[in-house]
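Try each one before you read the solution.

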Amino acid sequence: MEADPSNLAWQAAATSAINEGQRLFAFLTLTLEATRPLDLTPGITFYHMLDLGWDDWIVPLRVRLVTPQSDSTDAALPGGVGGDAVVPDQPAVIDTLKTKLRPTTLNQMAAEDAAAENMRYGVAGWDLFFLNLQPTAGQQALITYARSPVDLVGDNAVPEIHDADHECLIDYGEGRLRMNQGGQEMTTGSALIKGFLEDAKERGEQVRVRSLAQGYDHQPAELDLDQLT
Amino acid sequence: MNFATLTPWMLECLNCSNVSELNPWTIGELYNYAEEALHDIGGRFLLLVTFDGTILLVSGQSTYELDGLHIATIYAAASGSTLRPSTVAEMEALDPGWEEAAIGTPQRWVGNISGLHYIAIYPPPQYAGYLQIVMHKHPPDLTPAAPSVAMPAAVGDYLLLRTLERARQREGEMQMPDVAQALGGLADAYEQAMRAYYGKGAL
């Protein structure tokens, strides 16, 4: 298809290509985050995040356990519900405890079994979120997670990834459209896609440094572009 | 994620404006390519992990049938008590008569008794209860009639790229090996991330 911004079909194809590029960029770099509460059900320790409507889910970055407090005096005490640190939002009027949960694995959970004292969380596969101890009534998991972007729709939509990365999205969109044509167009398109991946790798390395500093539990993938065929 | 939402973009990548223009491919064939790619990564990476707490433990019964899509058991518990993983060889070394053991409080699960779809509990439970299992599962089918699979959006894009790769590999006038190779290379980038985030699978 000839590049023609006035052609609706071309617009739709270009938008699809850029949306795909933005989703890939977010997947490779974990640059987009969101924080949402998950209502925990007493007795339930396993949750499928995608089935629960967290459609933009990629991986969890940080999980805090929110426990309602009936007595604000108790809430100010350190220790919380077996966690590592208490992070009150407003110590003077606190009505909840926010306890950072450390990550665990199913193997560690099996090894500890009933001996576990501190609540931990884990994730298995692409969306199975679990806790090693049963939550109590009213508790929530406040989950900061890497997410997929919202699709661009219409002329005025703005990509969610950082402004500095918008240029490489254009490269991706152009590269993908050229790639479909084969021959010389594909060669040009492949070069643009390669540039996009190099930009994603660079951004991912920056996000990794920031994630480590923030104590996040997942970092962006370490891309090896030489391994790509 | 509804794979059907990617259909217009998939058609555009094949230089078709609608399904009726698909030639030599059919929409069913393209879905087959996507499904094969999904099943491939579903075994190679630890993507679909599910919890099943619905298997009823029967007093005195040691063997239980698992979900038909089961690939590997990762964790098992009997009525809330964690069971230790064991192999048949380990059980034979531990107790030569383990298959006819007397009922008691379940301590172990054995995953390689008979193919992929059965699990044994040792000793057989004395009381009824529930077997709770976390398992690595094979992804479901992906067809035009059932295009939705609970998966991250980026994995849908990965399936699209593998679909286009296979479509462009197909012998005939529309074959474009260079395009297929380039699309496959891009799909490999997704695989690097999936391996990093979700881990290697059992197959």
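**Exercise 1: a helix pair**

Helix H1 (residues 8-29) and helix H4 (residues 166-179), both of chain A, pack with their axes 8 Å apart and at an angle of about 125°. Helices (H or I, at least four residues) and strands (E, at least two) are DSSP runs, numbered from the N terminus. This is a predicted model, where local features need pLDDT of at least 70, side-chain atom pairs count only at pLDDT 80 or more, and totals for chains, interfaces and linings use all residues. Residues are numbered from 1 along each chain as its sequence is written, while chains are lettered from A and ligands numbered from 1 in the order in which they are written.

Task: work out how H1(A) and H4(A) are oriented to each other, and which residues meet.

*Solution.* 
1. Axes are lines fitted to C-alpha atoms, for helices over the stretch in contact, and angles run from 0 to 180 degrees between N-to-C directions.
2. Under 35 degrees is roughly parallel, over 145 roughly antiparallel, 65 to 115 roughly perpendicular, and the rest oblique; H1(A) and H4(A) are therefore oblique.
3. Contact needs C-beta atoms, placed from the backbone, within 7 Å. Residues of H1(A) that meet H4(A) include Ala13(A), Ile18(A) and Phe25(A), and the H4(A) side includes Leu169(A) and Tyr172(A).

**Exercise 2: a strand with partners**

Task: find which residues of chain B have Ala120(B) in E7(B) as bridge partner.

*Solution.* 
1. Strands pair if DSSP finds at least two bridges between them.
2. E2 (residues 63-65) of chain B runs antiparallel to E7(B), with three bridges; Thr63(B) partners Ala120(B).
3. E6 (residues 108-110) of chain B is also antiparallel to E7(B), with three bridges; Val110(B) partners Ala120(B).

Definitions and conventions
Two residues are in contact if their C-beta atoms, placed from the backbone, lie within 7 Å.
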